[in-house]
Amino acid sequence: MSDSYIDPDLLKERLGDRIKIGRGCRISASTVIEIAEDAFLSIGDGVTSRRGVTLEVDRGATAVIGNNVHIGENVFIYVMCGLRVGSGVGISNMVDIHDHNHRERDRRYLATGELDPCDSGFTAAPIVIEDGAVISNKATLLAGVRVGANTVVGANAVVSRSLPPNTVAAGAPAKPFRSFQGDVCDQRGPQVVRVGFFGTSIMEHFEAYNASMFQQWNLPRVGDQVTVESWRRRGYAGRLADALRVKYPHLQWEFDNGSEGGANSRRILANVKAATAEAAGWDVVFTGCGINDVWRRFQGRMDEAVDIAEYEKNVTEIVTTLKRASRRVVFLGETPFDVLHGEFAAMNPEVLRYTRVARAVCDAHGVDFVDCYEPFERSVRLSAGVDDAARPGLWGDGVHLSDHGDELMLQILMTHAEAGALFTGLFEYERRERDEALIHYKSLTHRWRSESRPATARQDPPSPEAEPDNAPRAQTRVHTGAADAGLGAGGVLWARDLLPVLQRWRSAGEVIVWTNGCFDLLHDGHVRFLREARALGDRLVVGLNSDESVRRLKGEERPVVPFDQRAELLRELRSVDHVVALEGDLPVAEIKSLRPDICCKDETYLSLPLPERQVVEGYGGRMLLLPRHDGFSTTGLVSRIRKTEPEP
């Protein structure tokens with residue numbers, strides 16, 4: 001029985017700019033295509049679909065199908081966040097592709113309490129099928145997975161974990177059982193996995209480098225002098241980086257080593273706080289401390305020694321801070337001092353005591369703990385009968401590790417990774433609450449949109465300089481943050497001049513976040529709140545109350561810091577892109593004009609009216625309340641300062 005095909009012009013007429021369809025497509029007339037108002041579907045050249053296909057793209061979501069893709073009969077594709085199908089992909093009959101899962105039927109998620117299948121909502125994450133992949137009959141692809149180029153997914157498979165390129169996978173869950181030498185395909189943005197390290201010099205491990213020392217054809221002669229060209233991080237952290245790149249060559253690995261030689265737990269906590277304030281986050285972080293907390297006491301450097309009560313407090317804050325900034329945290333218990341040298345070995349009982357405290361903290365907070373003490377002790381015991389010349393020395397100086405020690409650490413980590421499935425789930429896009437996923441992955445999905453649209457549709461908006469000098473202006477000033485195209489760095493502009501910049505951000509798929517306040521006497525609570533607000537999107541615009549407004553809201557003795565200085569301080573924060581000066585007490589007019597994707601305040605406003613909420617939700621934005629950081633208050637700071645002032 002022959003099949004008739006949909007007229008592409010009729011699809012475009014019905015769906016408008018929500019759909020782009022290429023040349024030479026043959027879409028079965030029985031195909032159901034539904035695209036929500038603010039969703040987008042791109043179909044490349046030469047795409048075919050057979051009977052009974054359903055392709056639905058829900059609100060805000062993006063689906064991009066490459067060239068020469070074949071979709072078989074009775075395929076069901078439902079997109080709530082994002083889907084990209086590469087060129088030359090084959091999707092066989094009765095395949096189910098959905099980038100979302102039902103959330104738990106938990107009271108927290110039940111909006112109405114009724115027995116409604118959708119009441120608990122969904123989690124979602126993008127799905128990517130790379131060029132040349134084949135999805136066989138009755139296979140299912142779940143949220144967040146990535147199917148590598150040329151990979152063949154067997155019949156009835158359930159793909160719940162990402163699959164590397166050039167493999168054949170089967171089963172539920174689908175696992176690769178064979179690899180082959182397929183054609184090399186451009187991944188167009190491989191999966192990025194970020195790994196962080198925060199520890200002592202044992203994790204930092206710098207080595208002097210000169211290229212000739214590592215070139216077999218150019219080795220210096222014995223007795224030659226060489227110039228140190230640079231320091232390079234090696235040790236077990238460097239070996240782990242090499243091992244992961246070799247084991248998973250299709251992934252783009254990024255390693256951040258924030259370790260510091262000589263650091264105690266107090267210093268490592270400071271490094272973690274500083275890094276999490278600036279970094280975008282990690283997929284997995286390795287951390288560890290304790291050896292210097294103990295050693296400094298034995299050295300008599302008491303100002304750097306950390307007692308066990310403070311150590312427990314520091315470790316707790318380290319792991320909880322890193323948990324907020326990463327998908328998985330691994331705490332590495334300290335290695336012992338060289339057990340064969342009495343001057344160092346005497347400290348080992350204390351190291352072991354601190355290590356047990358760290359393990360208890362990790363257990364309490366659901367953090368992986370890796371015991372490194374016992375494997376080192378075991379290696380020394382087992383090598384006791386081996387001649388000194390052949391014995392694997394694990395320490396270079398009794399404290400820092402030798403090559404053998406670094407190799408043992410690498411084996412400990414790789415064994416733990418395989419036994420505990422350390423990297424399981426980190427090669428997939430993280431599933432998030434559906435609305436949160438739309439925001440979190442907007443820069444990715446909007447890049448797919450812009451890449452699939454014709455070049456004529458992607459024009460930069462006019463710059464502010466193109467407007468006449470006598471153009472009318474809204475009565476709102478703007479302090480700029482980092483210099484942006486069309487804006488002077490540090491000048492005062494009208495809010496109207498910010499609109500073209502916001503348009504550019506939106507064209508690039510960036511999520512715009514807004515918050516506002518007095519920000520008088522900027523303190524750590526403000527900084528944390530702004531950092532968390534920025535993490536909700538790609539750009540943060542802060543509305544700042546004028547001096548007159550602060551006086552009306554806070555009293556005649558406020559503000560302590562005048563407007564220009566408050567704006568300057570905010571502008572210097574990396575989390576802040578722009579500062580808008582509010583002439584009124586409320587930001588309603590500015591929000592109506594700028595229309596940010598997300599507006600946020602702290603949870604103090606749970607019981608207070610928020611007039612801007614109606615405006616935000618009216619144009620489809622989101623109003624969010626972030627956790628309040630207790631213990632920080634400008635009013636409290638002012639009160640304490642006044643108490644310490646000398647009597648006149």
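The accessible surface of the chain comes to about 31400 Å², and 50% of that belongs to carbon and sulfur atoms; accessible areas come from the Shrake-Rupley method with a 1.4 Å probe, and for residues only the protein chains shown count as cover. This is a predicted model, in which local features need pLDDT of at least 70 and side-chain atom pairs count only at pLDDT 80 or more, while totals for chains, interfaces and linings use all residues. Residues are numbered from 1 along each chain as its sequence is written, and side-chain values use heavy atoms, with hydrogens and water left out.

Of the 648 residues in the chain, 49% are buried, meaning under 20% relative accessible area (1.4 Å probe, protein chains only). Among contacts (heavy atoms within 4.5 Å) between residues at least 6 apart in sequence, 57% join residues at least 24 apart.

An open sheet is formed by six strands in the order E3-E6-E9-E12-E17-E20, with parallel pairing. Two strands pair if DSSP finds at least two bridges between them. Strand E3 (32-35) and strand E20 (158-159) are the edge strands, each pairing on one side only. Within this sheet, Ile97 stands opposite Leu141 in E17.

Strand E28 (residues 326-332) has five of its seven residues buried.

| Strands | Bridges | Sense |
|---|---|---|
| E12 (residues 96-98) and E17 (residues 140-141) | two bridges | parallel |
| E27 (residues 282-287) and E28 | five bridges | parallel |
| E28 and E29 (residues 368-370) | three bridges | parallel |

The bridge partner of Trp282 in E28 is Ser326, and Val330 stands opposite Asp368 in E29.

Helix H6 (residues 308-325) and helix H8 (residues 348-365) have axes that come within 10 Å and cross at roughly 35°. Such axes are lines fitted to C-alpha atoms, for helices over the stretch in contact, and angles run from 0 to 180 degrees between N-to-C directions. Residues of H6 that meet H8 include Tyr311, Val315 and Val319, and those on the H8 side include Tyr354, Val357 and Val361.

In helix H15 (residues 547-554), the buried residues are Asp547, Ser549 and Val550. They lie on the same side of H15 because they cover an arc of only 155° around the axis, taken from the directions from the helix axis to the C-beta atoms. Their cover includes strand E34 (539-545) and helix H16 (563-571).

Definitions and conventions. Helix = DSSP H or I, 4+ residues; strand = E, 2+ residues; numbered from the N terminus. Buried < 20%, exposed > 50% of the residue type's maximum accessible area, 1.4 Å probe, protein only.
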